[in-house]
Amino acid sequence: MSITLVIHLHWLCFPDFLLYSSFVPSVAVRHVAALTMHFINLPLMPPVRGLCHHLVAFRPTVLCSSARRQHSSTSSAAANALPLEGVRVLDLTRVLAGPYCTMILGDYGAEIIKVENPKSGDDTRAWGPPFAPNKDSNDNQPGESAYFLGVNRNKKSITVNFKKPEGLDILKRLAAKSDVMVENFVPGKLDEIGLGYEDLRKVNPRLIYASITGYGPDGPYAKAPGYDVITEAEAGLMYITGEPDGPPVKVGVAITDMTTGLYTHGAVLAALLARARTGLGQKLDISLLECQVASLANIAHSYLIGGQEAKRWGTQHAAIVPYQAFPTKDSFIVVGAGNDGQFRKLCTKIERLDLVENEKFKTNAARVENRKELIDLLSDIFRQHPTSHWLREFKSLGFPFAPVNNIQQTFEHPQVIHREMIQEVDHPRAGRIKLTGIPVKYSHTKPSIRLPPPILGQHTFEVLSNMLEYTEEEIDGFVERGII
């Protein structure tokens, strides 16, 4: 059979190249693939290495119907694979910022190996109540905390005492087989025991090493531990949160931790893309302080550019009026009028068109200047009826509004339900539990909760035997010596 081979240059992954070459009954193409793989792993000069990377980008297309059908089937399977399928993450984090990051990576398909202290595990396992009750009434073990369950799905838990040499060796072997490592120890702590970036890059030059700290690895605060509420206070967020005439308050969730987790997961993804070009990993330094300062957004730049010190506004907006929560007869409603047209629509519905013609309120600038007088007027009007009345009245009028929902009302919201933001999974100890869903939806792949939050050490034997190829006798020895 005569086969015509056409080569197209695309930026595609190496396995795809091997897939195509397997269709071709020609040793030439397979030799190019093998030779290119060999060259990429050699310490070549940049121009030669660049040529090798271009070679793996070549995508041979075989003009053969059977080959096309086979590739079409394989391509379809690849298109349905999770975005991070095949990526392995070694997770040495506890509490929230790190676990939140690794949970997102796990949601997108990465294999997360969560390493925990053999005695107690992640601190948040004990952070309760509430705790999920054990489904077995004879199970006297403490239930898992809701806090832990909320940020540790799609992970495998192993317990390793890496203060001991044998435990340290286990972690180094895991790092050698991982794509990413995420840790949140105080700077220098892991370096002291041989798990720092410089140590692990020797066993795995491709390793992406993400280090989450309170203040960064250097500088006068480097050795200080990081806590969400402390950073909220120290990095300006608490100062700008709260009512104008009240004290500073913290945000209702640990938003600095979560922001840091989001920054870290994005940094890991970018580092994976960089590694696809260079073949090398790198260290990522992410701190609570820097992430919170960066998240001050326009407030930061009002000071940096305009020299304007911030203040607390409660639910109000510094530059738009009205744009805040108002008390109703039974609760609160948030109403915004971002421009003069929206303000007119609001005034029309509440039957106060006179406000639109009043020079004190005619423009947004005038409304900002006369904020208190206008807000007092509107508050008196909103107090006359319950929130449900205003929700009906304002529907489809073209300006933003919403009730201030409690958590129950949030999870009963029809759009939250429609977008599948409540998921049920079977937990080995707690039984059927509800977790928040995955907020990012993909058109071709569907991130899902494939693994429930793990019991402490649930996957230790699996990982050590299957991934690291320890024998059953060796693993039993680790247990006896307190290594796992």
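**View 1. A network of salt bridges links R88, E111, K156 and E462.** A salt bridge here is a side-chain nitrogen of Lys or Arg within 4 Å of a carboxyl oxygen of Asp or Glu. Side chains of opposite charge can pair when their charged atoms come close. A search of the whole structure finds 24 salt bridges. Before moving on, please note that this is a predicted model, in which local features need pLDDT of at least 70 and side-chain atom pairs count only at pLDDT 80 or more, while totals for chains, interfaces and linings use all residues. Residues are numbered from 1 along each chain as its sequence is written, and side-chain values use heavy atoms, with hydrogens and water left out.

**View 2. K155 and D91 meet through their side chains in a salt bridge (3.8 Å, N to O).** This pair links distant parts of the chain, 64 residues apart: K155 is in the loop between α6 (146–150) and β5 (156–159), and D91 is in strand β3 (residues 88–92). Helices (H or I, at least four residues) and strands (E, at least two) are DSSP runs, numbered from the N terminus. K155 is buried, with a relative accessible area of 0%, and D91 is buried at 0% relative accessibility. Buried means under 20% relative accessible area, exposed means over 50%, and partly exposed lies in between (1.4 Å probe, protein chains only).

**View 3. Here the side chains of K114 and D122 form a salt bridge (3.0 Å, N to O).** K114 is buried, with a relative accessible area of 0%. D122 counts as buried too, at 2% relative accessibility.

**View 4. D139 and R429 are joined by a salt bridge between their side chains (3.1 Å, N to O).** D139 lies in the loop between β4 (111–116) and α6, and R429 in the loop between β12 (422–427) and β13 (431–436), so the pair ties together parts that are 290 residues apart in sequence. D139 counts as partly exposed, at 22% relative accessibility.

**View 5. On the surface, K119, K163, K164 and K189 gather in a patch of positive charge.** Patches are made of residues with over 30% relative accessible area and no salt bridge, with like charges joined within 9 Å and nonpolar side chains (Val, Leu, Ile, Met, Phe, Trp, Tyr) within 5 Å. Lys and Arg count as positive and Asp and Glu as negative, with His and the chain ends not counted. K189 is in helix α8 (residues 189–193) and is partly exposed, with a relative accessible area of 47%.

**View 6. I407, F411, I417 and I422 make a nonpolar surface patch of about 360 Å².** Look for I417 in helix α20 (residues 414–418); I417 is partly exposed, with a relative accessible area of 48%. Accessible areas come from the Shrake-Rupley method with a 1.4 Å probe, and for residues only the protein chains shown count as cover.

**View 7. K311 lies in the loop between α13 (297–306) and β9 (323–327).** Leaving aside its neighbours within four places in sequence, K311 is in contact (heavy atoms within 4.5 Å) with Y239 and I240. The C-alpha atoms of K311 and P248 are separated by 9.9 Å, and these residues are 63 apart along the chain.

**Stepping back: the chain has 22 helices and 13 strands.** Of its 484 residues, 42% are buried.

Technical notes:
Charge placed at Lys NZ, Arg CZ, Asp CG, Glu CD.
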